Amino acid sequence: MVKPKTEEEIALMRENAILVSKTLAEVGKAVAPGVTTLELNRVAETYIRDNGAIPSFLGYEGFPAALCISVNDVVVHGFPSDYVLKEGDIVSVDCGTLYKGYNGDSAYTFPVGEVDEEARKLLEVTKESLYRGIAKAVDGNRIGDIGHAVQSYAESFGFSVVRELEGHGIGREMHENPGVPNYGRPGRGPKLIDGMTICIEPMINAGTRGVYLARNGWEVHTADHRKSAHFELTVVVRKGVPEVLSTFDYIEKSGVGF
(Lines give C-alpha, C1' and ligand atoms only; values in the text may rest on other atoms or scores of the structure.)
Protein backbone atom coordinates (compact mmCIF):
# COMPACT_ATOMS: atom_id res chain seq x y z
CA MET A 1 0.00 0.00 0.00
CA VAL A 2 1.50 3.32 -1.10
CA LYS A 3 0.74 6.14 1.32
CA PRO A 4 0.05 9.52 -0.36
CA LYS A 5 2.12 12.48 0.81
CA THR A 6 0.64 15.29 2.88
CA GLU A 7 0.62 18.81 1.45
CA GLU A 8 3.38 19.71 3.93
CA GLU A 9 5.54 16.88 2.60
CA ILE A 10 4.82 17.89 -0.98
CA ALA A 11 5.89 21.45 -0.21
CA LEU A 12 9.29 20.18 0.99
CA MET A 13 9.61 17.97 -2.06
CA ARG A 14 8.79 20.95 -4.26
CA GLU A 15 11.79 22.80 -2.77
CA ASN A 16 14.01 19.83 -3.63
CA ALA A 17 12.57 19.59 -7.12
CA ILE A 18 13.29 23.24 -7.86
CA LEU A 19 16.85 22.89 -6.56
CA VAL A 20 17.45 19.85 -8.76
CA SER A 21 15.98 21.70 -11.73
CA LYS A 22 18.27 24.69 -11.18
CA THR A 23 21.26 22.38 -10.72
CA LEU A 24 20.60 20.74 -14.08
CA ALA A 25 20.48 24.18 -15.68
CA GLU A 26 23.87 25.05 -14.17
CA VAL A 27 25.29 21.78 -15.50
CA GLY A 28 23.74 22.45 -18.89
CA LYS A 29 25.56 25.76 -19.13
CA ALA A 30 28.85 23.85 -18.81
CA VAL A 31 28.03 21.18 -21.43
CA ALA A 32 30.27 21.80 -24.45
CA PRO A 33 32.87 20.05 -26.60
CA GLY A 34 36.14 19.82 -24.69
CA VAL A 35 34.59 19.61 -21.20
CA THR A 36 35.07 16.48 -19.10
CA THR A 37 32.15 14.78 -17.40
CA LEU A 38 34.06 15.13 -14.11
CA GLU A 39 33.82 18.89 -14.52
CA LEU A 40 30.05 18.63 -14.92
CA ASN A 41 29.94 16.64 -11.69
CA ARG A 42 31.97 19.32 -9.90
CA VAL A 43 29.58 22.05 -11.06
CA ALA A 44 26.59 20.11 -9.71
CA GLU A 45 28.07 19.15 -6.36
CA THR A 46 29.24 22.71 -5.70
CA TYR A 47 25.84 24.17 -6.57
CA ILE A 48 23.91 21.64 -4.47
CA ARG A 49 26.10 22.15 -1.38
CA ASP A 50 26.12 25.94 -1.80
CA ASN A 51 22.33 25.79 -1.56
CA GLY A 52 22.33 23.85 1.70
CA ALA A 53 21.46 20.42 0.31
CA ILE A 54 23.27 17.10 -0.03
CA PRO A 55 23.92 15.34 -3.37
CA SER A 56 21.90 12.21 -2.65
CA PHE A 57 23.49 10.04 -5.33
CA LEU A 58 26.96 10.38 -3.80
CA GLY A 59 27.61 7.20 -1.82
CA TYR A 60 24.18 5.72 -2.60
CA GLU A 61 24.82 1.95 -2.54
CA GLY A 62 28.45 2.85 -3.26
CA PHE A 63 27.86 5.18 -6.23
CA PRO A 64 30.97 7.40 -6.45
CA ALA A 65 29.62 10.75 -7.66
CA ALA A 66 27.00 13.47 -7.29
CA LEU A 67 25.64 12.92 -10.80
CA CYS A 68 24.93 9.99 -13.06
CA ILE A 69 26.41 11.14 -16.38
CA SER A 70 25.65 8.84 -19.30
CA VAL A 71 27.10 9.56 -22.74
CA ASN A 72 25.76 8.23 -26.06
CA ASP A 73 25.20 4.47 -25.68
CA VAL A 74 25.18 4.60 -21.86
CA VAL A 75 21.50 4.50 -20.90
CA VAL A 76 21.85 5.44 -17.22
CA HIS A 77 24.16 5.33 -14.17
CA GLY A 78 27.30 6.45 -15.98
CA PHE A 79 30.29 7.50 -13.85
CA PRO A 80 31.72 11.00 -14.26
CA SER A 81 35.24 10.60 -15.60
CA ASP A 82 38.04 12.17 -17.63
CA TYR A 83 36.00 11.55 -20.78
CA VAL A 84 36.04 14.71 -22.89
CA LEU A 85 32.71 15.57 -24.49
CA LYS A 86 32.80 15.74 -28.28
CA GLU A 87 30.70 17.54 -30.87
CA GLY A 88 27.72 15.32 -31.69
CA ASP A 89 27.59 13.48 -28.36
CA ILE A 90 24.46 13.37 -26.25
CA VAL A 91 24.84 13.34 -22.47
CA SER A 92 22.19 12.33 -19.94
CA VAL A 93 22.60 14.10 -16.61
CA ASP A 94 20.64 12.58 -13.70
CA CYS A 95 20.67 14.56 -10.45
CA GLY A 96 19.35 13.98 -6.94
CA THR A 97 19.27 16.09 -3.78
CA LEU A 98 18.47 15.51 -0.14
CA TYR A 99 17.09 18.59 1.61
CA LYS A 100 15.02 18.92 4.80
CA GLY A 101 14.62 15.14 4.94
CA TYR A 102 13.18 14.68 1.44
CA ASN A 103 14.55 13.79 -1.96
CA GLY A 104 14.54 15.48 -5.34
CA ASP A 105 15.31 13.72 -8.63
CA SER A 106 15.34 14.80 -12.27
CA ALA A 107 17.25 14.11 -15.49
CA TYR A 108 17.81 15.79 -18.85
CA THR A 109 19.73 14.67 -21.93
CA PHE A 110 21.76 17.48 -23.48
CA PRO A 111 23.08 17.66 -27.04
CA VAL A 112 26.78 18.51 -27.21
CA GLY A 113 27.15 21.11 -29.94
CA GLU A 114 25.43 20.08 -33.17
CA VAL A 115 24.05 16.55 -33.20
CA ASP A 116 22.88 14.48 -36.15
CA GLU A 117 19.24 14.21 -37.18
CA GLU A 118 18.65 10.83 -35.54
CA ALA A 119 20.03 12.02 -32.19
CA ARG A 120 17.95 15.18 -32.24
CA LYS A 121 14.81 13.19 -33.06
CA LEU A 122 15.61 10.75 -30.24
CA LEU A 123 15.87 13.64 -27.77
CA GLU A 124 12.64 15.23 -28.97
CA VAL A 125 10.66 12.00 -28.89
CA THR A 126 11.97 10.90 -25.49
CA LYS A 127 11.12 14.23 -23.89
CA GLU A 128 7.66 14.27 -25.46
CA SER A 129 7.05 10.68 -24.32
CA LEU A 130 7.74 11.87 -20.77
CA TYR A 131 5.09 14.58 -21.05
CA ARG A 132 2.62 12.05 -22.44
CA GLY A 133 3.28 9.77 -19.50
CA ILE A 134 2.87 12.64 -17.04
CA ALA A 135 -0.55 13.46 -18.51
CA LYS A 136 -1.74 10.04 -17.31
CA ALA A 137 -0.59 10.59 -13.69
CA VAL A 138 -4.15 11.29 -12.58
CA ASP A 139 -6.08 9.98 -9.59
CA GLY A 140 -7.97 6.84 -10.59
CA ASN A 141 -5.67 5.87 -13.45
CA ARG A 142 -3.18 3.04 -13.16
CA ILE A 143 0.58 2.72 -13.57
CA GLY A 144 0.03 0.90 -16.86
CA ASP A 145 -1.63 4.01 -18.29
CA ILE A 146 1.63 5.93 -17.81
CA GLY A 147 3.80 3.20 -19.30
CA HIS A 148 1.50 2.70 -22.28
CA ALA A 149 1.53 6.43 -23.08
CA VAL A 150 5.35 6.48 -23.07
CA GLN A 151 5.75 3.24 -24.99
CA SER A 152 3.16 3.85 -27.71
CA TYR A 153 4.57 7.29 -28.50
CA ALA A 154 8.26 6.28 -28.56
CA GLU A 155 7.67 3.12 -30.57
CA SER A 156 5.61 5.00 -33.16
CA PHE A 157 8.89 6.63 -34.26
CA GLY A 158 10.75 3.32 -34.50
CA PHE A 159 12.57 3.79 -31.19
CA SER A 160 12.55 1.22 -28.38
CA VAL A 161 11.80 1.29 -24.67
CA VAL A 162 14.23 -0.11 -22.10
CA ARG A 163 12.38 -2.70 -20.00
CA GLU A 164 14.94 -3.48 -17.30
CA LEU A 165 14.82 -0.03 -15.68
CA GLU A 166 11.91 2.09 -14.53
CA GLY A 167 10.73 5.17 -12.71
CA HIS A 168 9.78 5.07 -9.04
CA GLY A 169 8.05 6.60 -6.09
CA ILE A 170 9.98 9.26 -4.16
CA GLY A 171 9.83 10.98 -0.79
CA ARG A 172 11.93 10.46 2.33
CA GLU A 173 13.61 7.67 0.36
CA MET A 174 15.05 8.24 -3.08
CA HIS A 175 13.36 5.11 -4.41
CA GLU A 176 9.95 4.21 -3.05
CA ASN A 177 7.00 2.22 -4.33
CA PRO A 178 5.44 2.06 -6.82
CA GLY A 179 7.75 1.20 -9.68
CA VAL A 180 6.84 3.13 -12.83
CA PRO A 181 7.74 1.17 -16.00
CA ASN A 182 7.93 2.92 -19.37
CA TYR A 183 5.82 0.25 -21.03
CA GLY A 184 2.54 -1.38 -20.14
CA ARG A 185 -1.14 -1.85 -20.81
CA PRO A 186 -3.84 0.69 -20.03
CA GLY A 187 -5.86 -0.06 -16.93
CA ARG A 188 -3.25 -2.41 -15.48
CA GLY A 189 -0.95 -2.09 -12.48
CA PRO A 190 -1.24 -0.24 -9.17
CA LYS A 191 -3.91 2.41 -8.91
CA LEU A 192 -2.81 6.05 -8.82
CA ILE A 193 -4.03 8.03 -5.82
CA ASP A 194 -4.15 11.77 -5.23
CA GLY A 195 -0.99 12.83 -3.37
CA MET A 196 1.28 10.03 -4.60
CA THR A 197 4.69 11.34 -5.64
CA ILE A 198 6.46 9.54 -8.49
CA CYS A 199 9.37 10.00 -10.86
CA ILE A 200 8.54 9.27 -14.49
CA GLU A 201 11.70 8.71 -16.53
CA PRO A 202 11.59 7.32 -20.06
CA MET A 203 14.81 5.64 -21.21
CA ILE A 204 14.51 5.31 -24.98
CA ASN A 205 17.00 3.71 -27.38
CA ALA A 206 17.57 4.64 -31.00
CA GLY A 207 17.98 0.96 -31.88
CA THR A 208 17.16 -2.28 -30.09
CA ARG A 209 15.73 -2.23 -26.58
CA GLY A 210 18.41 -4.66 -25.39
CA VAL A 211 20.90 -3.48 -22.77
CA TYR A 212 23.80 -4.88 -20.76
CA LEU A 213 25.48 -3.99 -17.47
CA ALA A 214 29.10 -2.86 -17.56
CA ARG A 215 31.77 -4.56 -15.47
CA ASN A 216 31.68 -1.72 -12.92
CA GLY A 217 28.22 -2.94 -11.94
CA TRP A 218 26.54 0.39 -12.62
CA GLU A 219 26.64 1.62 -16.20
CA VAL A 220 23.89 0.27 -18.44
CA HIS A 221 24.74 0.27 -22.17
CA THR A 222 22.62 -0.32 -25.24
CA ALA A 223 23.31 -3.76 -26.67
CA ASP A 224 23.86 -2.39 -30.18
CA HIS A 225 25.84 0.67 -28.96
CA ARG A 226 23.43 3.10 -30.57
CA LYS A 227 22.46 6.19 -28.62
CA SER A 228 19.96 6.31 -25.74
CA ALA A 229 18.14 9.30 -24.22
CA HIS A 230 16.74 9.79 -20.71
CA PHE A 231 14.46 12.47 -19.27
CA GLU A 232 12.92 12.51 -15.79
CA LEU A 233 10.54 14.70 -13.82
CA THR A 234 9.00 14.38 -10.36
CA VAL A 235 5.20 14.44 -10.39
CA VAL A 236 2.37 14.55 -7.86
CA VAL A 237 -0.68 12.52 -8.82
CA ARG A 238 -3.69 14.83 -8.65
CA LYS A 239 -7.37 14.76 -9.51
CA GLY A 240 -7.80 16.02 -13.06
CA VAL A 241 -4.37 17.51 -13.81
CA PRO A 242 -1.02 16.17 -12.47
CA GLU A 243 1.29 18.56 -10.62
CA VAL A 244 4.85 18.56 -11.97
CA LEU A 245 7.31 19.46 -9.20
CA SER A 246 10.57 19.57 -11.14
CA THR A 247 10.85 21.48 -14.38
CA PHE A 248 12.98 21.92 -17.48
CA ASP A 249 12.13 25.62 -17.63
CA TYR A 250 15.44 26.73 -16.07
CA ILE A 251 17.35 24.70 -18.64
CA GLU A 252 15.37 25.93 -21.60
CA LYS A 253 15.25 29.58 -20.48
CA SER A 254 19.03 29.44 -20.21
CA GLY A 255 19.22 28.35 -23.85
CA VAL A 256 21.17 25.20 -23.02
CA GLY A 257 18.47 22.65 -23.87
CA PHE A 258 17.04 22.03 -27.30
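Mentor: Rings of Phe, Tyr and Trp pair if their centres lie within 6.5 Å. This is a predicted model. By the pairing rule, the count comes to ten aromatic pairs.

Trainee: Why is the pair of Y108 and F248 called edge-to-face?

Mentor: Their ring centres are 4.9 Å apart, and pairing needs centres within 6.5 Å. Their planes stand at 80 degrees. Planes over 60 degrees apart count as edge-to-face, so this pair is edge-to-face.

Trainee: Which parts of the chain does the pair link?

Mentor: Distant ones, 140 residues apart. Y108 is in strand β5, residues 102-111. F248 is in the loop between β15 and α5.

Trainee: What makes F231 and F248 an edge-to-face pair?

Mentor: The centres are 5.9 Å apart, with 70 degrees between the planes. The cut-offs are within 6.5 Å and over 60 degrees. F231 lies in the loop between β13 and β14, and F248 in the loop between β15 and α5, so the pair ties together parts 17 residues apart in sequence.

Trainee: How do you know whether F231 is buried or exposed?

Mentor: Its relative accessible area is 0%. Buried means under 20%, so F231 is buried. F248 has 2%, so F248 is buried too. Y108 is also buried.

Trainee: Which residues do ring pairs link into a cluster?

Mentor: Y108, F110, Y131, F231, F248 and F258.

Trainee: What makes K127 a charge over the face of F258?

Mentor: K127 is at 4.2 Å from the ring centre. The distance cut-off is within 6 Å, along with an angle within 35 degrees of the ring normal. R163 lies over the face of Y183, at 4.3 Å from the ring centre.

Methods: Residues numbered from 1 in each chain as written. Predicted model: local features only at pLDDT ≥ 70, side-chain atom pairs only at ≥ 80, totals over all residues. Heavy atoms only, no water. Phe/Tyr/Trp six-rings, centres within 6.5 Å; stacked < 30°, edge-to-face > 60°. Helix = DSSP H or I, 4+ residues; strand = E, 2+ residues; numbered from the N terminus. Buried < 20%, exposed > 50% of the residue type's maximum accessible area, 1.4 Å probe, protein only.
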